[in-house]
Structures are given as structure tokens and as C-alpha cells.
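Me: I'm new to reading protein models. Could you walk me through one, feature by feature?

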Amino acid sequence: MDATTLPEDTAGPRTGDAAGAAPRLTVIGTGYLGATHAVCMAALGFDVLGVDVDPVKIERLNAGEVPFFEPGLPELLVKALDSGRLRFTTGFEEAAEFGDVHFICVGTPQQQDSDAADLRYVDAAVTELARHLRRRALVVGKSTVPVGTAARLTELVQRLAPAGTEVELAWNPEFLREGYAVDDTLRPDRLVFGTASARAEEQLRAAFAPVIARGTPVVVTDLTTAELVKVAANSFLATKISYINAMAEVCEATGGDVTGLAEALAYDDRIGGRFLKPGLGFGGGCLPKDIRAFAHRAEELGVGQAVGFLRQVDDINKRRRARTVDLVRELAGGDLTGVRVTALGAAFKPNSDDIRDAPALDVASTLHRLGAHVTVVDPAATENARRSHPQLDYGTDAISAAAGADVVVLLTEWNEFRQTAPEAMGAVVNHRRIVDGRHALDPARWRAAGWEYRALGRP
Ligand code: UDX
């Protein structure tokens, strides 16, 4: 079922704190996670107030404009605003008065000079909200945090809130993927409720009633375990990607083909083929910083050894970027000075405009630093990339950007790059040389069109 064809008012029309009524929700932080959560909860029939400290963001959201690229979300935002069930504000006092359940959805980026997570936004949001909480409420953390944060925040909230221990705290980690955020929110594969009381669990069940009614499994656990579930899940996914990329390194040294290897492994359903795609590796606002923060936190707790492998997972991932640069240099004849490179992709993955820790931009800027003239093309992330990497040139589409290129390198597997005809691109480049950083192209087809084709982990 399409997200926009959801049954309306699934949660029922009654709202408020009365027993049995659907709780009124606030969502604090309106980034990828929060904006999607707010819109989807309103689409499910709840009354929702989105809160952010950035007045520009709030203005845009109230005007029906999603400030980032996420398929399906703009349509659903307009629908939710039209229904009257969704509004956005910068007022924390208003939010505290409005909400029965408050979702904390602010970012936890990596600290500047450390692998640890930066909790300043979580602390600020919780502090600001708590100061105005004069009635019974449940504060629910969704942000990814170091284990132990929920216990600390419980103490903080109950100390600062005028309503004291009438305010409880719960943890409900979020597993949405960018590009599929709407579907992942409306139809998650599981819900995890970290709670400290029966009442908190009851409130969470009420806040997710339409999702639970669809048969979504619910795991109810303590606060600590709920915090750990998220970092454990992301660590596993990162490890799986780095595992196959480690095999790619071995293939490179031995003449094996990692794509055949991955395919053969995937038929074993104990292993499975998802997140076993070799290539340039993982990036984005979650996986890289989450494994680093987890390793850091484990070291603080004296169990660093247990997750020491995450350092290697990170190192394998970084080496894929360096190796991609090497392949481009090899194709260019050993020296990048003055070489014209067309980089297909800037976003950390397709269907996203997110460039946080994007492998694509890392490779493009390294090539530039080594003397190449780099032109980057991306269907959605160009504006963000231009802002953070003004030293690079930007094109509008793959073919025109490839005009005169000495080497083309595919870095983000957008569909439109996959579908590029090697003959059409071959007609405009200076040399038919391509590095396929994502195993997204058919080598036979490109070679037949006269291209020198190279990919990580393949002969
Ligand atoms: C991830 C988790 O999947 C999600 O559950 C969590 O809530 C947030 O972090 P996201 O960052 O949106 O989601 O991206 P995801 O689709 O998981 O991809 C992460 C990175 O891994 C991308 O850079 C992607 O290109 C890369 N990847 C993924 C691979 O290199 N190989 C694969 O097989 C899969």
C-alpha cells in the first residue's frame, strides 16, 4: 500500500490525556528523523506538534515544504497539514502544554575532536522541554545515544520538571533508512520500547496503536537494552558491509571476483544477501559515527575489547575510499595532475541528498587534492555538496559532465547513472576509462563499447 493512501484517523478522533484516548504527540527536532516521524504520526491520525529551534525550518514545514530530499514525504506533509492534525512551532512551552507523549528526535553527531557522540542537542532539547512540563507526560528518546544516557536524562527530567516524577522517560530507538523513511516509519519491522514502568509501556502502546494493530512485533525491554539495540543493529550492518569489502581486498590480491563471491554467499540464508554489497562502503549520518561512538563508549565502560573489531570495520571501510582513488590514478597512468575526472555521485547513497560522511565526496575531494580536475554530478545532493566542497566543479547531468573526461568514476549508484548508455558517454569523453565504485554497471557491456572498466575486488 502506498503511504499516501493510508486509512485516515486510524488512531481514532479522541485525543487528550483521558484514559483510552489517543495521546497528543510532540516531536522535538525536525530533521530527517523528526520531520518524518511527525508527518507519519499525523498521517496515522494523531494530533502532532513538531518543534525545532530553527525558525526557518519551522516556517518551511508549516508552508508544506520538506527541507531535505525524502521520496513520498512532501506529499504526506501537505496532506497532514491540510488535515489540521499537524503543526510546527519553535515554542517549547506550547509543546509542553500540548503533549502527552514527547518524542526527542534531535541529532547526535560525532564530536569534533573525538569519536564520542555529541549530546549537546539532546541535553538542550530535554532541558528546555522539562522546564515547562507541569503535567503528567512521557518523554521518549528516539535519538541514537551512548548507553547510559536514558538513565541520566530520567534524573535530569524529573529534577527540572515542575511535575517532577509525574514525568517519565522511555527509549524507542528508530531504525528508518533515508530514502525509505516514510515506509520504514509507517511499517517498521519491529518496535522497541525501553521502559521503566507499566504506565510508560501503556502510553507507548497507545502512541503506536495503529502500527501495532498492523501486526508489527513489539519488543518491550529496559532503557539500557533499548539504547543498545540501536547501536548493536547499526554495528552489525556496518560489520556485514565491511566483511564483504574485506573479502574484496583479498580478491584484489588473488585475482578473485568479489561479486561472484558475494552472490554465492548470499544463497546461504543464514548469511543472506542484504548489506553484503561490496564497493565503496558505508557513509551517512548514522553508520560511521554510530560504530565510532559505540567503540568509544565501550572503552569508557571498560569493555572496549568486546567491540574492538568495530575499529577494524571502520578501517576497512576507509580503505575502500583510498583504493578507489588508487584505481582512478592507475587508469589515469599513475599521475592525477591535470587529469579530468567526472565523479558520478555525491550523496552517501542513492535517493538521498545527504552528504554526511559521504564516501563519494571523500573520493572526489581526495582526487582534487592530488591534482585532478573533478566535476561532480548528483541528481539531488549538488547543492549540499557545493556548499561543503566549493573547490570542486559541478555538472548538471552525467553525459554533459563527462565531456572531455580522462576518467569517469561512479561513486553513488543512482538509477540514472546505472542506466547511462556506454556508447553515449563514450562519444563525449576524452578517454573511455571508468571505475565502477559501486558494482552498478555491467562490465561486459561497457567493455564491448570500448571502455577500460575497473571495479574494486574484480579482475
Ligand atoms: C542506516 C540503517 O540502515 C538504519 O536502520 C538506521 O536507522 C540509520 O542508519 P541509512 O544511513 O539511511 O540507514 O543508510 P543505509 O541504507 O543503511 O546505507 C548505509 C550505507 O551503507 C550507505 O552508504 C550504503 O551505500 C552502504 N551500503 C549498504 C553498502 O555499501 N553495501 C550494502 O550492501 C548496503
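This is a predicted model: local features need pLDDT of at least 70, side-chain atom pairs count only at pLDDT 80 or more; totals for chains, interfaces and linings use all residues.

Me: How many aromatic pairs does a search of the whole structure find?

Reply: First the rule: rings of Phe, Tyr and Trp (its six-membered ring) pair if their centres lie within 6.5 Å; planes under 30 degrees apart are stacked, over 60 edge-to-face, and the rest tilted. The search of the whole structure gives 5 such pairs. One of them joins Tyr 32 and Phe 68, a tilted pair with 4.4 Å centre to centre and 45° between the planes.

Me: Why does that pair tie together separate parts of the chain?

Reply: You need to know where each residue sits. Helices (H or I, at least four residues) and strands (E, at least two) are DSSP runs, numbered from the N terminus. Tyr 32 is in helix α1 (residues 32-43) and Phe 68 is in the loop between α2 (55-62) and α3 (73-83), so the pair ties together parts that are 36 residues apart in sequence. Phe 68 is buried too, with a relative accessible area of 11%.

Me: Which kind of pair do Trp 446 and Trp 451 form?

Reply: That one is edge-to-face, with 5.0 Å centre to centre and 70° between the planes. Trp 446 is buried at a relative accessible area of 3%, and Trp 451 is buried at 4%. Rings can also gather in a group: Phe 103, Phe 193 and Phe 208 form one aromatic cluster.

Me: Which ring does the charged end of Arg 190 sit over?

Reply: A charge sits over a ring if NZ of Lys or CZ of Arg is within 6 Å of the ring centre and within 35 degrees of the ring normal. For Arg 190, the ring belongs to Phe 175, with the charged end 3.5 Å from its centre. Arg 177 lies over the face of Tyr 180, at 4.4 Å from the ring centre.

Me: What about charges meeting charges? How many salt bridges does the structure hold?

Reply: Side chains of opposite charge can pair when their charged atoms come close. The cut-off for a salt bridge is a side-chain nitrogen of Lys or Arg within 4 Å of a carboxyl oxygen of Asp or Glu. The structure holds 38 of them. One of these is between Arg 134 and Glu 93, at 3.9 Å from N to O. Arg 134 lies in the loop between α5 (120-130) and β5 (137-141), while Glu 93 lies in helix α4 (residues 92-98), 41 residues apart. Arg 134 is exposed at 54% relative accessibility, and Glu 93 is partly exposed at 39%.

Me: Where in the chain are the partners Asp 100 and Arg 135?

Reply: Asp 100 is in the loop between α4 and β4 (101-104), and Arg 135 is in the loop between α5 and β5, 35 residues apart. Their side chains meet in a salt bridge at 2.9 Å, N to O. Asp 100 is buried at 2% relative accessibility, whereas Arg 135 is partly exposed at 26%.

Me: Last one: which domains does the assignment give?

Reply: Domain bounds come from an automatic or database domain assignment. Here that assignment gives domain 1 (25-221) and domain 2 (231-313). Their C-alpha centres lie 29 Å apart. Contact means heavy atoms within 4.5 Å, and here the contact takes 14 residues from domain 1 and 11 residues from domain 2. Buried area is the accessible area (1.4 Å probe) that two parts lose on being put together, summed over both. Between domain 1 and domain 2 it is about 950 Å², with carbon and sulfur atoms giving 55%. Across this interface the rule finds 1 salt bridge.

Terms used: Residues are numbered from 1 along each chain as its sequence is written. Side-chain values use heavy atoms; hydrogens and water are left out. Buried means under 20% relative accessible area, exposed over 50%, partly exposed in between (1.4 Å probe, protein chains only).
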